[in-house]
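Dear colleague,

Please find below the structure I am handing over to you.

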Amino acid sequence: MALLELNEVQASYGSIRALHGVSLKVEEGSIVALLGANGAGKTTTLRAISGMVRASGEIRFAGHDIAGRQPEDVARLGIAHVPSGRGTMTQLTVWENLQMGAYIRRDRDRIKADYERTMRYFPWIRSRKDQVAATLSGGEQQMLAIARALMLNPKLLLLDEPSLGLAPIVIRDIFEIVKAINRDDGTTILVVEQNANLALRAAERAYVLEVGRVTLSGSSAELAGNESIRKSYLGD
Amino acid sequence: MYLVTLTDFLQQVVSGIASGGVYASLALALVLIYRAMDVANFAQGEMAMFSTFISYTLITSFNLPFYVVFPVTIAIAFAGGVVIERIMIRPFEGKSVITLVVVTLALFYLTNGMAGLIFGYILKSFPSPFSSAPISFGGIFVTVQDVGVLGVCLVILGLVYVFFRFTKVGLAMRAAALYPESSRLVGVRVSWMLALGWGLASAVGATAGMMIAPITFLDPYFMQPILLFAFAAAVLGGIESPLGAVIGGLTVGVLLALVGSYLPAGQNLRLPFALVIIVAVLLFRPAGFLGQATVRRV
Ligand SMILES: Nc1ncnc2c1ncn2[C@@H]1O[C@H](COP(=O)(O)OP(=O)(O)O)[C@@H](O)[C@H]1O
Ligand SMILES: [Mg+2]
């Protein structure tokens, strides 16, 4: 059964419509990629899911229709959103950033366990807990943002362009970690990317957005072999 | 002759530090709200005035001792701050700075008018919780009053520090003020954090009111000069820095005490002097002592 399902979702900024009816499904335990050019509506789709932008249509998550809910409530259902630009709380320490990730939780022992689990993916964080987050490099901030999201112990992880502005070697590390999180913890992941190559290698399925509409979808293998995809997004 | 002058000078400094504690408290209240909304709450002083009238009523009409009245008033002020935010500020959350300024000005006149209506305009003397007996520290005489006022203010400021530094809600309030979007994504009810901030600022302001009222007398206008001094303190310390507000408050307290006692007609020069501080800081060092020119990556 799909953990997340969008049905004809529309969203606007003022009078400008950014999503013209987006439909997609994310199966439980899978990684799904959302591809598309700059301005296609990828970020807006994630923002619609987490309630950061007002959306109409149907957004079903684990049996709830969450369209129109506030982000605070969506987070409580188990959706962690790593926003575009990472949303690092730069003036807070690394440790405080992680604490904020677990803000809605009360189960101390489980939080401790999730912290240990998170540190398996990001062992370098342990020794740098007391550092102010602004002093981290871009790649480290991206990792911290993912670590903060894991502290929510999410059912669904939304990643908005985790590769943005990072060196290829760092990007590779981050995608390895993303895959490991999915494989080892079974966390369902919806990842937005402009870098289709990367995303198709990590994901099982992908959707392609163009000006607020899904124009293509399929398994990663299908899409990677698709002629127009190769031309537009894979740089052939 | 020289010794007498030095002693006198030091006494002025000490009593300046004591009033500085009061300015620091109200300045901290301003900073708390400024950090959360990017707006100075012009009604902060009037809210403190209203709280002080409540404590006056509890003392004089209900004959309660000050050590009971003080925490009760702080609790009422806290609740009042939360309610005011929910009713008057919430509808304007996210609106432009100028809109919010107008709302706090409206709150200023509303609070002032209500205080006049309920408590009257006659000057009242506020019973001091501390004696004005002098105690000597190596030849410098300070009053129990001065020491008590400073002590109470420092304890309150310390509690605010501990709250923000070491509690989960305190951390969430800091995060909500600086990073509202990221905070909402991890589940923080940012709008309620703002209400809590108003409650806290109101409570800290009430402390300032109750500490300064025995020195200044009480009427619906008594906090207005104090608010100006607190503004000078907050601006001097860096309007976004809580520690700056405290340092700024103590500094302004000492400067005003010296101006008041050493310049001819100095008492009348204190308000203009505070204005000079504000203008000078804004002109020459807008970030104040401790404010950082925040770098925002877009
Ligand atoms: N805050 C905003 N206000 C107005 N328009 C916006 C805003 N954010 C995005 N848009 C517009 O919505 C469309 C989709 O943007 P976005 O979802 O950010 O695209 P992507 O993430 O795919 O690059 C674009 O046309 C963009 O200009
Ligand atoms: Mg985007």
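Chain B contains 11 helices and 2 strands. Please note that this is a predicted model. Read from the N terminus, the elements of chain B follow the order α-α-α-α-β-β-α-α-α-α-α-α-α. The chain is as compact as a globular protein of its length, because its radius of gyration of 19 Å is close to the 19 Å that the globule rule gives for 298 residues. The C-alpha trace of chain B extends over about 65 × 50 × 35 Å along its principal axes.

Of the 298 residues in chain B, 50% count as buried. Among contacts in chain B with a separation of 6 or more, 73% join residues 24 or more positions apart.

Turning to the ligand, the shell around ligand 1 includes A:Tyr13, A:Ala18 and A:Asn38. By class, the shell residues divide into 4 nonpolar, 5 polar and 1 charged. Helix 1 of chain A (residues 42-50) provides the largest share of this shell, with 3 residues.

Oxygen atoms of ligand 1 take part in several polar pairings. One lies 2.7 Å from a polar backbone atom of A:Gly39, and a backbone N or O atom of A:Lys42 is 2.8 Å from an oxygen atom of the ligand. For A:Thr44, a polar side-chain atom lies 2.4 Å from an oxygen atom of ligand 1. Taken alone, ligand 1 exposes 550 Å², of which the protein buries 60%.

With kind regards

Key
Residues numbered from 1 in each chain as written. Chains lettered and ligands numbered in written order. Predicted model: local features only at pLDDT ≥ 70, side-chain atom pairs only at ≥ 80, totals over all residues. Heavy atoms only, no water. Near = heavy atom within 4 Å. Polar contact = N/O pair within 3.5 Å; in protein donor to acceptor, adjacent residues only side chain to side chain. Areas by Shrake-Rupley, 256 points an atom, 1.4 Å probe, with all protein chains shown as cover. Helix = DSSP H or I, 4+ residues; strand = E, 2+ residues; numbered from the N terminus. Nonpolar A, V, L, I, M, F, W, Y, C, P; charged D, E, K, R; others polar. Rg over C-alpha atoms; globule rule 2.2 N^0.38 Å. Buried < 20%, exposed > 50% of the residue type's maximum accessible area, 1.4 Å probe, protein only. Contact = heavy atoms within 4.5 Å.
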